[in-house]
Amino acid sequence: MKIIAGLGNPGREYWNTRHNIGYMVADELARRWGVSFSKADRGAECAEYRAGEKVLLIKPVTYMSLSGMAVAEYANFYKVAPEDIAVIHDDMDLPAGYVRIRKKGGSGGHNGINSILEHLGTDEFPRFRIGIGHPVHDTRVVINYVLTTFSEGEKEAVEKAVKTVADAVEMWLKEDMDLVMQEYNKKPAREKPEKEEEKKKKMRENHDGKTL
């Protein structure tokens, strides 16, 4: 059995905020799998799926800083090992829309991961991180920043990242974590620079739209 935990905060006021990107991926997976979340139990909404083995897709409703309570409740009740618990969360140290996957590690200051580390008693659980960008190094601003929605300029990259992480999680259900990291821990492809000659041609266009 495996557990997939998408982190976020419950309530309409937090929908589509930066801190709720884990919820967004969980919702995308539920949509793909045709499953629905139950009412909150053991501190989380839960949807069940079978991918060769039983998979529990959960969204903790304990608020971000207490996410570990719900994750540990499910892990202990179903006797799921930490390495079989995938946690999906936002990361301010990555630009908006960037994806990074790790087998284990510290929290990087993320309150939800701090809580999970505390309640599981180990750092050896997979993390699927999506960048949300970082405003300035000011704690007061950061607290407000994670509860804001994405700008118009960020939305396309974030929507793509949500689908990419959902793909990565589905791969994790079937493949070794090392293969998942090898496949998805790649730098985003940059747009190819416009050919120099094409640039020159555009610059030479006259008022009739013809090339001189």
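**View 1. Strand 1 and strand 4 (residues 85-91) pair in the parallel sense through 4 bridges.** Strands are DSSP E runs of at least two residues and helices are H or I runs of at least four, both numbered from the N terminus; strands pair if DSSP finds at least two bridges between them. Alanine 5 is opposite valine 87 of strand 4. The model is predicted, with local features requiring pLDDT of at least 70 and side-chain atom pairs pLDDT 80 or more, while totals for chains, interfaces and linings use all residues. Residues are numbered from 1 along each chain as its sequence is written, and side-chain values use heavy atoms, without hydrogens and water.

**View 2. Strand 3 (residues 54-60) runs parallel to strand 1, joined by 4 bridges.** Leucine 56 is the bridge partner of isoleucine 3.

**View 3. Strand 1 (residues 2-6) is mostly covered, with 5 of its 5 residues buried.** Buried means under 20% relative accessible area, exposed over 50% and partly exposed in between (1.4 Å probe, protein chains only). Lys2, Ile4 and Gly6 point one way, Ile3 and Ala5 the other. In a regular strand, side chains alternate between the two faces of the sheet.

**View 4. The largest nonpolar core has 35 residues.** Such a core is a set of buried Ala, Val, Leu, Ile, Met, Phe, Trp, Tyr and Cys residues joined through side-chain atoms within 4.5 Å. Ile4, Ile101, Phe128 and Trp172 have the most contacts inside this core. Helix 5 (152-172) is among the elements that each supply at least two of its residues; helix 5 gives the most, 8 residues.
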